[in-house]
Amino acid sequence: MNTWPELPAAQQPPWPDRAELDRALATLRTLPPLVFAGECDLLTERLAQASRGEAFVLTGGDCAETFEANTADSIRARLKTVLQMSVVLTYAASMPVVKMGRLAGQYFKPRSSGVEVRDGVELTSYLGDAVNSLTFDVDARRPDPQRLVQAYHASGSALNLVRAFTQGGYADLRQVHAWNQDFVRESVAGERYDALAREIDRALEFMKACGANPSEFERVEFYAAHEALSMDYERALTRIDSRTGKPYDVSGHFLWIGERTRQLDGAHIHFASTIHNPVGVKVGPSASPDEIVEIAERLNPERIPGRLSLITRMGASKVRDALPGIVQKVDASGIPVVWVCDPMHGNTREAASGHKTRVFDDVIAEVEGYFDVHRSLGTYPGGIHIELTGDDVTECIGGTGGVAEADLHERYETACDPRLNRQQSLELSFLVADMLIRR
Ligand code: PEP
Ligand code: MN
């Protein structure tokens, strides 16, 4: 896949040296795939179930991964959080959960401004660790194509660890208690989780006593997702699958196109239309129903269930007004989609301290609005997409653990948008499970 049409591509990094970029891309083109076509096809099947209301998608992870946080502890904590949330949803709502991480590739960020000014000094904005460094320094902010290669290797090592954790016994359902050990004492959500884990243990013991000890409980399927933002990076990692002869982007299982780059005639939508991975598109409150139907037509002309997810991110105050028109029109088109709710990106605000934050109640209110809209229209709420971390950060306000606005400075560690901490994430999963049960 070396020839691509010349199309306008929004939000591309301003690489200062073309030759340097070409060398990095040549290297990327020689490197082995991070994911396999067969895995991507299996994910499309899983997502097809979600499009029919037979499964629920849970995507969680950083806004922006960093090389610095690509450690065993940090990856394990994020994975554990998603697994715990998934157990809550699976058990409480009796629904299979399709588990995905914003992980092993989420290294590129679109920005509202290309430059950042501090104390009169203007530098290139932070564009993700695959492009430049968060440090506010002229050299650190210079886009460096070698970082693309570094992002590939970081993704490979993260995915290797995820595969080991999820296939090697750590994610065994019999470990459901162990994931909570460092957590239960100090939190309401942790205590509630512990009670649920005890019920699961009893059910497992009962099954075992009856002679059933299924091997399905030993492993979990976990998929890697990121925003396909840099066309250079994603194209360099797009390969023809030898089995089917079709192109797949082997940088991750699931790729989504962001709210800022989903122009109908732009490079991103065209790119997504050429690959056979399952893909997503973010849909904000200013999107028109006609525009989204055209995007859906472009990305899913063969009407394959599971191929396309529409990830709506309207904001708590707009979801009930902005979502119905879009859902109705897409539904009437007959193009199958998975409706996913991202309750984070429409609910970002600035705290008095200047921290970018989100309020837990706004996040919940958007998910509630999303469920109500789909219920009233007879479409399926197919999943949630959350920015979270496994650590005890103080980036979002609220939850029963009570991060107060005045606490934000204590552990504000994100490289980009504010994430729910582990306790807030677990609490959200209990609330979403309640919404799922109310079907
Ligand atoms: C994101 O998911 O981090 C993001 C930038 O989202 P959106 O494109 O919806 O603004
Ligand atoms: Mn974000």
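Here are some notes on this predicted model, point by point.

1. Ground rules. Residues count from 1 along each chain as its sequence is written, chains are lettered from A and ligands numbered from 1 in the order in which they are written, and side-chain values use heavy atoms, with hydrogens and water left out. As the model is predicted, local features need pLDDT of at least 70 and side-chain atom pairs count only at pLDDT 80 or more, while totals for chains, interfaces and linings use all residues.

2. Overall build. The protein chain carries 11 helices and 14 strands (DSSP runs numbered from the N terminus: H or I of at least four residues for helices, E of at least two for strands). Its C-alpha trace spans about 65 × 50 × 45 Å along the principal axes.

3. Packing. Of the 439 residues, 56% are buried (under 20% relative accessible area; exposed is over 50%, partly exposed in between; 1.4 Å probe, protein chains only). Take contacts between residues at least 6 apart in sequence: 76% of them join residues at least 24 apart (contact means heavy atoms within 4.5 Å).

4. The manganese site. Ligand 2, a manganese ion, has Cys63 (SG), His345 (NE2), Glu387 (OE) and Asp417 (OD) as its protein donors, at 2.2 to 2.5 Å. Donors here are N, O and S atoms within 2.8 Å of the metal (3.2 Å for Na, K and Ca); water is not among the atoms, so sites may look incomplete. Along the chain the spacing reads C-x281-H-x41-E-x29-D. His345 sits in the loop between strand 11 (338-341) and strand 12 (349-350), and Glu387, 42 residues apart from it, in strand 14 (residues 381-387). His345 counts as buried because its relative accessibility is 18%; Glu387 is buried too, at 0%.

5. Two positive phi angles to look at. Neither residue is a glycine: Gln11 has a phi of about 65 degrees and Ser94 one of about 50 degrees. Gln11 lies in the segment before helix 1 (18-30) and is partly exposed at 27%. Ser94 falls in the loop between helix 3 (72-93) and strand 2 (97-102), and at 63% it is exposed.

6. Ser215. You'll find Ser215 in the loop between helix 5 (188-209) and strand 5 (222-227), partly exposed at 38%. Ser215 and Asp172 are 43 residues apart in sequence, with 9.3 Å between their C-alpha atoms.
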